[in-house]
Amino acid sequence: MPLKYLVQGLIYSNVFVATVLAVLTFSSYGLLNDLDVRWYVPVSVWLGSFVLYSFHRLYKIDYIPPTQLGARHRWVLRRSEWMKYAMSFAVFLLLLILPNFDADAVVWLVPAGITSVGYTIPVIPSRSGWQRFRDIPLAKPLIIATVVSYLTLGFPLFEANGIDALFSNGHFPLLAQRCLFLLAVTIPFEMRDILNDRDAGLATLGTRLGWVKAQRIALIVCLMWVASVIWRGVALGDAWLTFLPPLMVGLPLLLALLQMKTSWSDVRYTVVFEGLIVLYAACNFLLSA
């Protein structure tokens, strides 16, 4: 099988993004040195992410106008039955893993689950009818960054030590830092979809502010993340924490934000910006060494 088709399959099937989030979750144990690694946490993140992203991709895909169908939509349409089988198997595995968690951990996963489902299914009442979370003007990247931060960093914490641990021992600043980084790599995907979102009537950063202003916001968020990492590193007196993330991750991210174009393919956006999440996770491992 040619490499191109293999890469497309991994990306369009949501296997790649699920793996990225699982790796990011596992890397959190490197930042949280007081936690023992529990294999079922990143595995459940992989399975849950695969199911949710596949659900988002499949939900009402038949109603998307042909003019708004991208390469990823056409790939899914041709393989929708197989994706449904894969989702069902992933849910079965999640049920097998579920006894490893106590009731409190499951309860604190519910808000993330509701938000993730409500991202695609209308759950918010309004004067004009029911709306999705993604229909909230300008909120889509922030919702994604917040939920992913909560799952990949907050989940390992409250699964082991309860929800109070998320707001103690300096953990909340780490959560805020991760949210800033993920926001910087999420905004480009909204810019990628600017034409389809405009046709669908969605109020996003791209459709409301335009490409250039959305790009500037992404750059500002990236610089805020770099500044927060340096500030925390200086406060802790840790040279590795001060300089490694900005050099290893921040600089490539800034360059990617400056170089991205509307002509980039779906695959290129995914490889570049989700690849930077993997690089960020690798940086977390190095910091824990």
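Predicted model: local features only at pLDDT ≥ 70, side-chain atom pairs only at ≥ 80, totals over all residues.
Does valine 51 count as buried or exposed, and at what relative accessibility?

View 1. Valine 51 counts as buried, at 15% relative accessibility, because the cut-off for burial is under 20%. Not counting residues up to four places away in sequence, valine 51 touches Met87, Ala90 and Val91. The C-alpha atom of isoleucine 187, 136 residues apart from valine 51 along the chain, is separated from that of valine 51 by 23 Å.

**View 2. Crossing of helices H2 and H7.** Helix H2 (residues 15–31) and helix H7 (residues 140–161) have axes that come within 8 Å and cross at roughly 35 degrees. The crossing of H2 past H7 is right-handed. On the H2 side, the contact is made by Leu21, Leu24, Thr25, Ser28 and Tyr29; H7 contributes Val148, Leu151, Thr152, Leu153 and Pro156. Seven of the residues in this contact of H2 with H7 are nonpolar and three are polar, with no charged residue.

**View 3. Packing of helix H6 against H7.** The axes of H6 (residues 103–118) and H7 come within 10 Å and cross at roughly 170 degrees. H6 is therefore roughly antiparallel to H7, since angles over 145 degrees fall in that class. From H6, Ala105, Trp108, Leu109, Ala112, Thr115 and Ser116 take part in the contact. Their counterparts in H7 are Ile143, Val147, Tyr150, Leu151, Phe155, Phe158 and Glu159. The contact of H6 with H7 comprises 10 nonpolar residues, two polar and one charged.

**View 4. Aspartate 197 in helix H9.** Helix H9 covers residues 194–200 and contains aspartate 197. Aspartate 197 has a relative accessible area of 4% and is buried. Its side chain is joined to that of lysine 140 by a polar contact of 3.3 Å. Leaving aside neighbours within four places in sequence, aspartate 197 is in contact with Arg134, Lys140, Glu190, Leu202, Thr204 and Thr207.

**View 5. Asparagine 14 in the loop between H1 and H2.** Asparagine 14 lies in the loop that runs between helix H1 (3–12) and H2. Phi of asparagine 14 is near 75 degrees, which is a positive value in a residue other than glycine. With a relative accessibility of 1%, asparagine 14 counts as buried.

Technical notes
Residues numbered from 1 in each chain as written. Heavy atoms only, no water. Axes fitted to C-alpha atoms, helices over the stretch in contact; angles between N-to-C directions. Helix = DSSP H or I, 4+ residues; strand = E, 2+ residues; numbered from the N terminus. Left-handed = near helix turned anticlockwise from the far one by under 90°. Contact = heavy atoms within 4.5 Å. Nonpolar A, V, L, I, M, F, W, Y, C, P; charged D, E, K, R; others polar. Buried < 20%, exposed > 50% of the residue type's maximum accessible area, 1.4 Å probe, protein only. Polar contact = N/O pair within 3.5 Å; in protein donor to acceptor, adjacent residues only side chain to side chain. Parallel < 35°, antiparallel > 145°, perpendicular 65-115°, else oblique.
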